[in-house]
Every structure is written in structure tokens, then in C-alpha cells.
Amino acid sequence: MRSLRTARAALSDSTGGHLIAQQNDALLDRDVLTGLMQRTGFMKVAADGVRTDAMAVLLFDIDGLKSVNNIYGLATGDKLLVEFANILASVCPEGGVAARVGGDAFSLLLPQTSLHEAEAVGKSVCERFAEAEIMGRLGQLNRTVSGGLTQVAVQGALENALSEAEMALSAAKEGGRNRIVTVDPVMRNRRKRALQEPTLEDMRKGIEADEFTYFVQPIYSLETNKLVGVEALIRWVTDDGTVRLPREFMHMFTRQYKGIINRPVNAANEVVASFARPDSDIFCAFNISSSFLNRSFEPSPRWLDQLLMGINPKRTVFEIVESGQIENTTAARNMLNFLRAQGVRIALDDFGTGHSNLARLVDFPVDIVKLDRTFVSQLSSNTRHRAVVNALMSLSEELGFEVIAEGVETPDELQALRDLGVPMAQGYYLGLPQPLQEWNARDKAVVLRTDVA
Ligand code: C2E
Ligand code: MG
Ligand code: MG
């Protein structure tokens, strides 16, 4: 088998005889169907190889193998795999390694090969495989293969290179299959960001350690310059003091991890308690995601009772954030009406962007519209934005909702809002989000700073 020979050659040629023992171990780790090295053997051989040599790495995945298995049967799928393995072994040069690293995933390690040269090898593999016909249960058939390509420097991290190649492979699939895509800086950046994202395990530990908390940001009346409310903004403060913003983790709460992360964030109770006090006459706004509204609603289920426990509904605002589609408009409307009947006010967040638009204003009972920052930041320079806000103010009178402008960062923006008659605002210029404890301990000024007012 060519690939086994070349694997052996790779070791004796490039790393010397001292790795022969390890190589033999690796060779035992061989795929019975194709005769190629399996993942564990490949990783050992490859890791030893990159100690002395720069390498190009190609990662291949056969397009639509699953459908072949389903339609033509596993035996036909196996024939395709063997056909591909043979092509890969035949292009594998002396010193290179070809391996089956997963069900329909293969890798080719090419020492001392530029990305350009490796791309040519990858393309020839694609072409040859697309032309290869095999006999299936129902007649001749052929399939294609996609590949991702990257390079590992001498002493480079192989795992890292393989996951880069995997990203490039995904791009090849998305780009229409039957092609080779080389990793690029955009993919590298995306991967870097993904690596910095917290894992599900981090999040679970964070919840157990009560690391989730709320910052609050003041909201002022522009008519009286008085404090009228705060918005509670969730934060994850890790044990080393890093403050993670909702964009880094909120999707984990709202999307795929239902059932895994189902413990409520205790800190919400603290905020609730803080603003339900009899001496507090300001409202506290909580953001609720659309997924919350997608939960089936029956009159007063236990979780809703729990949600409302301890809150003073008359001083509570729920902001519908525009994180996604609301699946069942009627159910969501029922839920919002139920909450309003308790005295809770409903705000439409980030108005003017994404799903937060006129349709939502028509579909749902809304007490407050929060004008998105993208409008606020262009008010003084863009007459169209001003016209839209003007129209919103007329609408607010007609439909009876209030307006809060978000993200006010400059005196000009504030003045433009005042000129347009927008009644309430929040933003870094008026007050930063700060930890609840800090907020509670503040000098209890309830009017805008004099330089702002
Ligand atoms: P949002 O509800 O529109 O909250 C306003 C965001 O704008 C906050 O970001 C706030 O820190 C930021 N902000 C306030 N003033 C300014 C300003 O002058 N300039 C700029 N550039 N930004 C300003 P944050 O806290 O990162 O929250 C982002 C989003 O995450 C929120 O947008 C909301 O959609 C979501 N979110 C926050 N807390 C929660 C929560 O407890 N539950 C849910 N479901 N979503 C939350
Ligand atoms: Mg909000
Ligand atoms: Mg907003």
C-alpha cells in the first residue's frame, strides 16, 4: 500500500531512524477498509514530521457520501471511500502521509510543499475523483470531493493547522463543493474569535459560581432632566475580574443549550429587589429575548409566577430584544397582554433594526419604543434619519407609546433629540452602565449632570 510505504519513508527520510519504533506503532493503527493510516497514527506521524519540516496539510471530505450510503447502500459507499483512498495514496509523494482521519474525511500531509503546489495536488485529486466511476447497486455513479488547505510551520501546532484546514474545508463546501479552498486571514480571525468564546463548560461553572450579574444604566427624562429608570444589562464577571459582554455569551442562554443551562441567573433577583423597594420610584427595564416569547403560554404557569415573584410590576419594563423571529405571534401577544394586565410595561428594543420594526409595532401591545443607536448617531447629519424620528414621534402620539432614545454619546445627539421632542434617553454621555452595588451606593443624584442638562 503506497500510503504505508510513504508514511514509513516520511519517518526514515525526514526524521531519521530513531522514530522507526513509533512509526511501527502508528502503522498498526491502520484503517481496514482503505489501508490508509487512521487518525491516531496520522497524528503521531504528522506531529513527528512537523518537528523537522514545514508541511502543507490538505483535509478532504467526500461530498454527499451519506446520500450514497442511504440510496445505494453501505457497500457502494465503501467502494467510493476505497476509490478515493487509492487516488490519495497515488498522489502522496515520498515523505508525505495520506490518512483516513474520519468517516469520509481524509488528510494529506505534504512536506516541503508551498501552498501553491499543494493546491495543485488538491485540485488534481478533486478532478480525478470527479471522473472516477464506480459500479453501484443501481449502476455507475460518481461523486466529488471538497478540500481545505493550510500550512504548518516547522514545530507548528498540528491541531491548530488541522482546525484551520477544517474551516477552509467548510468554506469549500459552502462555496459549491468539488473545490479546494486555502485558509485566509478572514478565516483565521474568525477562528481566533471562536477560540476566545467561552465554552458551555465555562458557562455552566460561571452560573454555579454566581458569576453572572447585572449592570444598570440610567435613563433620563429630557423634559424634566430627572432620572426615570434604569436598564438592567447582564454581565459575566469571571473570577479574574474580566467583564464579558452579552454578545459573547447571550446566544448560549437563548439558543442551543436549553435543558443544559436551565438554572436562572440569581443576580436578577437582586436587581428586582433593589427596584421593588418602596422608596424607589423609577422603573427597571429587563431585556427579554424573543425565545422567551416563543415559549408556550398558558395562564400563569409556574415559571411565569416565578418570573414575576418579588417584582413590582408597575416599575418593571420588559424590553423585547430583536434576537430572532417570534414564531407564534398570537401566543406572544397573549403573554404580553398577560404581563401588561399585571402592570408590566412592554418596550420594543433596538427599534429600526432587524426584526424590531413597524410590523412588531402593529403586532404587539407596546408601551415604549426604544430608538436604536444607529438612528441617534446620525440625527445631526442625516435629514432622512431625522424625518424617520419625526414620523415616529407622530406615531407615538397616535398609538400612545413613549420613546426612549438609546446610545446617546455626544451633546449634539442629545440636542437633536431634544429638538425632535424625544422624551427620554440613555447613553454613555448621560451615564455608563455600572455594577448594581455601585449604583445603589452612588450619591443619589436623580437629575442629569449640569453640564448635560
Ligand atoms: P440593548 O438592550 O439595546 O442594550 C443597550 C446596549 O447598548 C448595552 O450593551 C449598553 O451597554 C450599550 N450602550 C448604552 N449606551 C451606549 C452608548 O452611548 N454607546 C454605545 N455604543 N453603546 C451603548 P450591552 O450591555 O453589551 O448589551 C447588548 C445587548 O445584549 C442588549 O442591547 C440586549 O439586546 C442584550 N442583553 C443585555 N442584557 C440582557 C439580558 O439580561 N437578557 C437578554 N435577553 N438580553 C440582554
Ligand atoms: Mg435593551
Ligand atoms: Mg437596544
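Trainee: Why is N287 called partly exposed?
Mentor: Buried means under 20% relative accessible area, exposed over 50%, and partly exposed in between (1.4 Å probe, protein chains only). N287 has a relative accessible area of 31%, so N287 is partly exposed. Keep in mind that this is a predicted model: local features need pLDDT of at least 70, side-chain atom pairs count only at pLDDT 80 or more, and totals for chains, interfaces and linings use all residues. Residues are numbered from 1 along each chain as its sequence is written, chains are lettered from A and ligands numbered from 1 in the order written, and side-chain values use heavy atoms, without hydrogens and water.

Trainee: What makes D349 buried?
Mentor: Its relative accessibility is 3%, so D349 counts as buried. E406, at 10%, counts as buried too.

Trainee: What makes D349 a bridge?
Mentor: D349 bridges the magnesium ion (ligand 2) and the magnesium ion (ligand 3), which lie 4.1 Å apart.

Trainee: Why do D349 and E406 tie together parts 57 residues apart in sequence?
Mentor: D349 lies in strand β13 (residues 345–351) and E406 in the loop between β15 (402–405) and α18 (411–420), so the pair joins those parts. Helices (H or I, at least four residues) and strands (E, at least two) are DSSP runs, numbered from the N terminus.

Notes:
Donors are N, O and S atoms within 2.8 Å of the metal (3.2 Å for Na, K and Ca); water is not among the atoms, so sites may look incomplete.
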